[in-house]
Amino acid sequence: MHKIIHYRKQCIGCAVCYEQQPELWRMSKKDGKATLIKGIGKKDVFILNIPHAEVVRCNEIAEACPVRIIKVL
Amino acid sequence: MKREKPIELLAPAGSFDSLQAAINAGADSVYFGVEQLNMRTRSSKSFDIDDIKTISSICKANNMKAYITLNTVMYEYDMQLLKTILKEVKKQGIDAVIAADFAVIEYCNQLGIPLHISTQANVSNIESVEFFSKFADVIVLARELTLKQVEYICNEIKRKEIKGPSGGLVKIELFVHGALCMAVSGKCYLSLHTQNASANRGACIQNCRRPYIVKDAESGEELMIDNEYIMSPKDLCTIDILDQVIASGVDVLKIEGRTKGAEYVQVVTQCYKQAVESINDGTFCPEKAAAWKTEMEKVYNRGFWEGYYLGRKLGEWTPQPGSAATEKKIYIGKGTKYYPKINVGEFIIESGSLKVGDTLMVTGPHCGMVKETIETLWVNGTKDNEAIKGDKVTFPFHTRVTSKDKLYKITAAHHA
């Protein structure tokens, strides 16, 4: 199983993840940062399991993040 | 030359260490940013919303004004955070918001929060000043103007009696020291283009500061431009023309550097403070300016030029990557204890070594920046001449040491 890890605290709210992959990301109206939809976590680190077929796409998003706070494992 | 109105010296506070350094140096006011809505989101350890209260109380206790920067590009989903920040700003009595986006201007207006127009708004003429005067009492001019243009704007404010919401004449603020950018008023897309990191959201990765190769597309031949970083301007330093800057009629002198260390903030602010005082009492002279410049060369800088203020074109490129500071700081360890009765500080060495005669610098939220030379040294309880990694050291130190303090060794920097 693969997963996405989102280190949310460092998010600068540029919305690139949301623009490119709206099915996984949304922009929080509360604090302007990206939120990993259905991501499970506590404090500032959120994890979501993803199917193998999604890995390439998610890696592209991780690459696009200007502050490199998205990791795909 | 005696001025009717005092000059305000505005220092950057990117951390609590720098805030204390600004206080030590005698700044009249500081500016800071919180969360992701400021132009140094990526590079400086940004403050949180909860820090606004602490910053406000520290500044009030030191009789210093505090301004918060909210000057990035703002998107729809930022509005809630913006409102939350502004409510806290209002509640804690922060003196003003520095803004460029009209959403911020509008919300500040609604909440009755004093406003300063950021340099990001690129104000370059009196008509713009007049327009923004409906909302703001202080306007930061574009860094690309000449002093003649600045003077014209300042004179026109007086002649036309352009007043801000507070009822007083609009004040003009000017950048006097710190990093310059090759883009006009910081509106740069280079970092966004190469790394998807928008400078206008405070995420600039500073690729302009690197060396580049020019490639002949036809032959494939590559040319390296010698000794110059062709997109990296030297830092702005106006200390030797500060009399002219002040004579142009500006009210606030701003120092850039929220990402820089406490020692930078303290040294630079102190030099400008002394320069302003000496202009006030008529003792300002080129020799003094040269001495201040030498002092400021010790801390982070990319080499100095006086910017565009005297009408020069951008052409002063840095000759090396990173800083050209004549001194460098090497991290040694952190503070652990302080014995106030005997004025002795205790530190733990985490890296490198330390010996009697070394010049040390301590930075922290309580002391700002303090420099001292070690005369006697105790290593793990016994008097010794040298300490290495892992050792616990104590030595006489005249400022209170806390566990948040970092210990550095100061050495001369050698540049190739």
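pLDDT is the predictor's confidence in each residue, from 0 to 100. I looked this up before anything else, as this is a predicted model.

**Ground rules.** Local features need pLDDT of at least 70, side-chain atom pairs count only at 80 or more, and totals for chains, interfaces and linings use all residues. Residues count from 1 along each chain as its sequence is written, and chains are lettered from A in the order written.

**Confidence.** Chain B has a mean pLDDT of 91, and 97% of its residues reach 70 or more. I noted ipTM 0.75 and pTM 0.87 for the model.

**Chain B overall.** I found 10 helices and 24 strands in chain B; these are DSSP runs (helices H or I, at least four residues; strands E, at least two), numbered from the N terminus. I then looked up burial: 47% of the 416 residues of chain B count as buried, that is, with 20 or more other C-beta atoms, placed from the backbone, within 10 Å of their own. The C-alpha trace of chain B spans about 70 × 65 × 50 Å along its principal axes.

**Two helices.** How do H9 and H10 of chain B pack? Their angle is about 170 degrees, and their axes lie 9 Å apart. Axes are lines fitted to C-alpha atoms over the stretch in contact, and angles run from 0 to 180 degrees between N-to-C directions. The two helices are therefore roughly antiparallel (over 145 degrees). Residues of the contact include B:Cys271 of H9(B) and B:Trp292 of H10(B); contact means C-beta atoms, placed from the backbone, within 7 Å.

**Interface.** I found 15 residues of chain A in contact with 15 residues of chain B.

Methods: Angles under 35 degrees count as roughly parallel, over 145 as roughly antiparallel, 65 to 115 as roughly perpendicular and the rest as oblique. Two residues are in contact if their C-beta atoms, placed from the backbone, lie within 7 Å. A residue is buried if 20 or more other C-beta atoms lie within 10 Å of its own, exposed if 12 or fewer, and partly exposed in between; C-beta atoms are placed from the backbone.
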